Amino acid sequence: MEISGPSGEESFRRIYAEHFDAVLGYALRRTARPDDAADVVSETFLVAWRRLQHVPKGEACLPWLYGVARRVLANQRRGELRRRRLGERLRRELSLVVPDVSDRIVQDHVVNEAMSRLSGRDEEVLQLHLWEGLEAREIADVLGLPATVVRPRLSRARARLRDRLGNDPAPPGHIPGKHPMPEQKEER
């Protein structure tokens, strides 16, 4: 049987019109999401189109399509299982290789917010120093100023940033005067 051409195309259209609902129902009952069912149906009819000369006629057509849909579902599940296992493996390996940056993001946000409250001159000098890693003489080259002007400006900008950020953080450990556990009274 010729796949393309008017007779092949007409044959496929008839198969599609007669069995689409049944194949869709088969897929919907076996998948968790309608999108997955739609993928199964489209792949099933794609196989039917490619193998049109092997599609049985009459009552045997629907079981043949179910068989194709079954294999498509099995491939879909195997693929999903492989993706899930790969994702789990990558998450495990990534947690070992890449440190958790959430604390740094919060800290960067706090510093950036404090820097935005400085004057434009202070902010620019600090950005060149902190973000670009430049020293005072290099900042002086960028700004076209003598290094003797940039050094005290950078020092003052640091001091203002420290003021905006607040006092130095409390030392780690137990806070004097605070007891993490309530004291228990002795009963006699």
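Biologist: Which is R13, buried or exposed?
Modeller: R13 is exposed, at a relative accessible area of 52%. Buried means under 20% relative accessible area, exposed over 50%, and partly exposed in between, with a 1.4 Å probe and protein chains only. This is a predicted model, in which local features need pLDDT of at least 70, side-chain atom pairs count only at pLDDT 80 or more, and totals for chains, interfaces and linings use all residues. Residues are numbered from 1 along each chain as its sequence is written, and side-chain values use heavy atoms, with hydrogens and water left out.

Biologist: With which residue does R13 form a salt bridge?
Modeller: The partner of R13 is E9, and their closest N and O atoms are 3.1 Å apart. A salt bridge here is a side-chain nitrogen of Lys or Arg within 4 Å of a carboxyl oxygen of Asp or Glu. E9 is partly exposed, with a relative accessible area of 37%.

Biologist: Where do R13 and E9 sit, and what separates them?
Modeller: Both belong to helix α1 (residues 6-30); because they are 4 residues apart in this helix, about one helical turn separates them. Helices are DSSP runs of H or I with at least four residues, strands are runs of E with at least two, and the numbering starts at the N terminus.

Biologist: Why can such side chains pair?
Modeller: Side chains of opposite charge can pair when their charged atoms come close.

Biologist: How many salt bridges are there by this rule?
Modeller: The count comes to 5 salt bridges. Among them is the one between E93 and R89, at 3.5 Å from N to O. E93 and R89 lie in helix α3, 4 residues apart, which is about one turn of the helix. E93 is partly exposed at 39% relative accessibility, and R89 is partly exposed at 41%.

Biologist: And E113, which side chain does it meet in a salt bridge?
Modeller: E113 meets R117, with 3.3 Å from N to O. E113 counts as partly exposed at 37% relative accessibility, and R117 counts as partly exposed at 43%.

Biologist: Let us step back to the fold. How many helices and strands does the protein have?
Modeller: There are 7 helices and 0 strands. Along the sequence the pattern reads α-α-α-α-α-α-α. Of the 188 residues in the protein, 26% are buried.

Biologist: Let us take a residue from the interior. Is A157 buried or exposed?
Modeller: A157 counts as buried, at 0% relative accessibility. A157 is found in helix α7 (residues 147-165).

Biologist: Where is V125 placed?
Modeller: V125 is in helix α5. V125 is also buried, with a relative accessible area of 0%. The C-alpha atoms of V125 and R158 are separated by 9.3 Å, and these two residues are 33 apart along the chain.

Biologist: What about C61, buried or exposed?
Modeller: C61 is buried, with a relative accessible area of 3%, and its place is in helix α3. C61 and H19 are 42 residues apart in sequence and 8.5 Å apart in space, C-alpha to C-alpha.

Biologist: Turning to the surface, which residues form a nonpolar patch?
Modeller: L94, L96, V97 and V98 form one, with about 440 Å² of accessible area together. Patches are made of residues with over 30% relative accessible area and no salt bridge, with like charges joined within 9 Å and nonpolar side chains (Val, Leu, Ile, Met, Phe, Trp, Tyr) within 5 Å. Accessible areas come from the Shrake-Rupley method with a 1.4 Å probe, and for residues only the protein chains shown count as cover.

Biologist: Where does L96 lie?
Modeller: L96 lies in helix α3 (residues 61-97). L96 is exposed, at a relative accessible area of 74%.

Biologist: Which residues line the largest pocket?
Modeller: The lining consists of R104, Q107, D108, V111, N112, L130, W131 and L161. The elements that give two or more residues to this lining are α4 (102-116) and α5 (120-131). The largest share, 5 residues, comes from α4. A pocket is found on a 1 Å grid over the protein atoms alone, as an open set of points where a 1.4 Å probe fits, with protein on both sides within 12 Å along at least five of seven lines; lining residues have an atom within 4 Å of a point.

Biologist: How much space lies in the largest pocket?
Modeller: About 150 Å³. Grid points are joined across faces, edges and corners, and the volume is the space filled by probe spheres set on the points.
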